[in-house]
Amino acid sequence: MGGNFVCRLLTVLCVTTWLRASAAEAAALPLPPQVFLDSRQPVLSGQVITVAAGGDLQAAIDAALPGDTIVVQAGATFRGPITLRTKQGDDWIVIRTSDLAGLPAEGTRVSPSNRAAMARIATLTSSAAIGTEAGAHHYRLVGLEVAVDDSVSLSYGVVALGDIGPGQTTLADVPHDLVIDRCYVHGHPGGNLKRGIALDSARTAIVDSYIADLHSDVQDAQAIAGVNGPGPFKVVNNYLEAAAENIMFGGSNPRIPGLIPSDIEFRRNHCSKPTSWRGLYVVKNLFELKNGQRVLVDGNLFENNWVGADQDGSAIVLTPRNSYDNGVDARWSAVQDVTFTNNVVRHSGGGLSLLGLDTSGGQDVQTQRILVRNNLWDDLGGATWTGGGRFLTLAEGRDLTVDHNTVLQTSSVSHSWDLPLTPTAATEGFVFTSNLAAHNASGVTGDGTGPGNGTLAVYFTDVTFAGNAFVRTVANVPPAYMYPAGTWFGDSWDEVGFVNRLAGDYHLAATSPLRGLGADGRDVGADMDAIAIARAGAVAAAAPPVRVEQDQPPVSLSGGWLSNAMVRHSAGTAALAMGAGVRATFPFTGTSVAWIGYRDAWSGIARVWLDGVDQGLVDTYSGSGECATKSAAAAAPWVWVDGFEFTPTSASPSPSPSPSPSPVSGWTRAEEADPSVSYEGGWLENAISLHSGGRAVLSMGEGVRAVFHFVGTAVRWIGWRDAWSGIARVSIDGTERAVIDTYSNGDRAQAVLFETEGLSDTPHTLQVEITGTKNAAALASSVWVDAFDVIGYAAPASAPSPTSVSLRRVEQTDPAVAYSGGWLSNAISLHSAGSAALSMGAGTRASFTFNGTSVRWIGWRDAWSGIARVSLDGVDRGLVDTYSNGDRAQSVLFAADGLAAGPHALQVEVTGTKNPAAAAPWVWVDAFDVGGE
């Protein structure tokens, strides 16, 4: 493989419960938001400050301490501007209406009909009614009406969270931990009212609120706009009404160098423009990103958008911009990692407009990793909404996946602009699969190119175009052969077989010819039930994806895997193998799953199963051309596992890991690495600050043990508990004391997993043995050892373990070990010194020469392990079956004691055979231990 090995391209292979991986999928999928904010009502223990009508709300805010609640009289009006002050301490200050009973329950959106239950804050100037000091934090506003007085003809914002000006040029200046909950934020029918909420903050949530009447005839107006805040942001279950852009990130340049609004959750919102505004105000789109990354847009309703300014009427716009304003050259501005799923977009001049780079040429980061999956696009274009009427308008993005959309539009399926902003002038990495749309006159077209294959060849690279269906809605539609094979054409919408198209029911009827015709074997077009679930806020739809690295539980790697470390891998490492039958297993509880890997010219074919059902073959090769079966161009059959992502079935945030109290007086702590603790089998180290001493060990191998030697009258086992934790057996002095289920539905650091008192003040041995089992709710069977506490003192281990100081460890790479035949190297942290050798070739040998009176062969045991023949000093010692129904690292596979002092030779020969339960005949050599030298 040579020097090219370190410069291969990272990509993502995706398998979900509703969409199989495509063998030819060319586009990398987006990263999800890395943080999802918990916006639930906090529990406060401070004083309650009441502000009656005519009272001084600002004085109450100035006097409040973290943990206090300010109760403002419902129905009363308080004049702005009001400023949220910077306080010391991380407890919340809640400012709420006195009539909580008049509001809907937390999690339900308010409307103007709830005004009577709200306290009103109004501004009489162009300044915001509510603003923040630099660094203000931990404020929650509940049940407030925040407004611009009718007498104000020009307003720059109703609520300003943070500052776009020179007062906020570092992250330390940014306000953070702010929540707007069930508030009514609005302008009024007259005047130029630029913005509802300026989101120039960090860790901010806007939930269950109603933001309306934002419009201008001279400039852009937004319900929510973020420019100078880093995120994360949560905007969930709101009504957003504004003339130009209902919500936008970017547009002006941030004052903070390098800032990109990140980790944005935008779900279950209703974005709309009253049709009565037509011809009165500047109108552009419903959702726009000019600077943003790791954005989830899921389960929203976008409607009512027409051409009213300088755009083409598209509802959704992704167009990175460096505005050269604020004295900043923001060349770093980026639009990347955007997931657009389960939305309804309707009554608009167009669908999605995507631009790869700023047309001014002053921006460096190309738009990339965009996923548009399972959306309904209805009533796009035409005389009512004007605009281009296109589903997609594209120019030079990268890694765009458009999958399972149902589209009813009046013009092109997609149109590519001839804007030579990049060297290729093409969209790089384009997946267009399982979509249903009207073809109309031009279908998939571009500037200067005809419909279908001609446009795909000119304006796209690394194309996957499969399982799509087009409806001929006009005469003279190009013939089907002008598109990739397998594209379905119908002569009218009636041929599609919707349940009731005229009534807006776009479910496919049981008799529809598009049933099962998608590229993944599912129905073509969007899953309407999944959209309804997401819009309704079902728990499954709300849960964020979770990333699990390949070397973390509950991932198990069976057979021969090598470890590869480079910065392009997730968390810096990945595993690879090319042995037939080698497996990676990921148990999870959730609604979707993605296998994350690496694709290159050395990559081969893997078979994927989901819940025991064969999902087909995945060809991971990447190079020029497409490959539906094993590519002849592939140089080797390597398969990579870099990690997995899944969407949990519960959206409720897990509690933050909280350490248990430190040992009370009288207890002495022994860390997991103390000499008084010895280990048998394979344990993996984990280093994070939440562990006692910053480290802990874990394992999920059946029969693996940790042994603690101590003198004292009481003992505690300290460990980690989470949703991946299993069951262990605890014994003291050889007598079983308990079977401990360490599972928890939230992360618990430094938890007391077992405790006993009343022991004699003499030496004792506590043993933790992993059973390899778990309860039904647990995702895996991992067991953790973080420390032990004892009333007394920890004693050195009384009996040597296989790797104790009485034995000298000789690694498999030592010159004393010689190999004949074909052996592979495998590098993972579970092996002694991080690597081991393996082979399954009959007759291959590993020979170890040593001086000593005892020897042990150390190796790996698992379900793919076979039988070896062992000889010592030329004498056959018999067959060793290394099979195990669970992974066992650093196992003692053979031991001999009482040897005569002097030189000896131990030989391990692979027989190429296995017992009937084993999946393969692999034999491992990890190390040898020698005693009595």
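**Close-up views of a predicted model**

View 1. At 0% relative accessibility, Cys-271 counts as buried (buried means under 20% relative accessible area, exposed over 50%, partly exposed in between, with a 1.4 Å probe and protein chains only). Cys-183, at 1% relative accessibility, counts as buried too. The sulfur of Cys-183 lies 18 Å from the closest cysteine sulfur, that of Cys-271, which is too far for a bond, and the count of disulfides comes to zero (a disulfide is a pair of cysteine sulfur atoms within 2.5 Å). This is a predicted model, in which local features need pLDDT of at least 70 and side-chain atom pairs count only at pLDDT 80 or more, while totals for chains, interfaces and linings use all residues. Residues are numbered from 1 along each chain as its sequence is written, and side-chain values use heavy atoms, with hydrogens and water left out.

**View 2. Helix H5 and its buried face.** Helix H5 covers residues 528–536, and Met-528, Ile-531 and Ala-534 in this helix are buried (helices, H or I of at least four residues, and strands, E of at least two, are DSSP runs numbered from the N terminus). Seen down the axis of H5, the buried residues fall within an arc of 125°, so they line one face of the helix (the arc is that of the directions from the helix axis to the C-beta atoms).

**View 3. An open sheet of three strands.** The strands are ordered S69-S70-S77 with antiparallel pairing (two strands pair if DSSP finds at least two bridges between them). Strands S69 (824–826) and S77 (923–925) stand at the edges, each with a single partner strand, so one side of each is left without a neighbour in the sheet.
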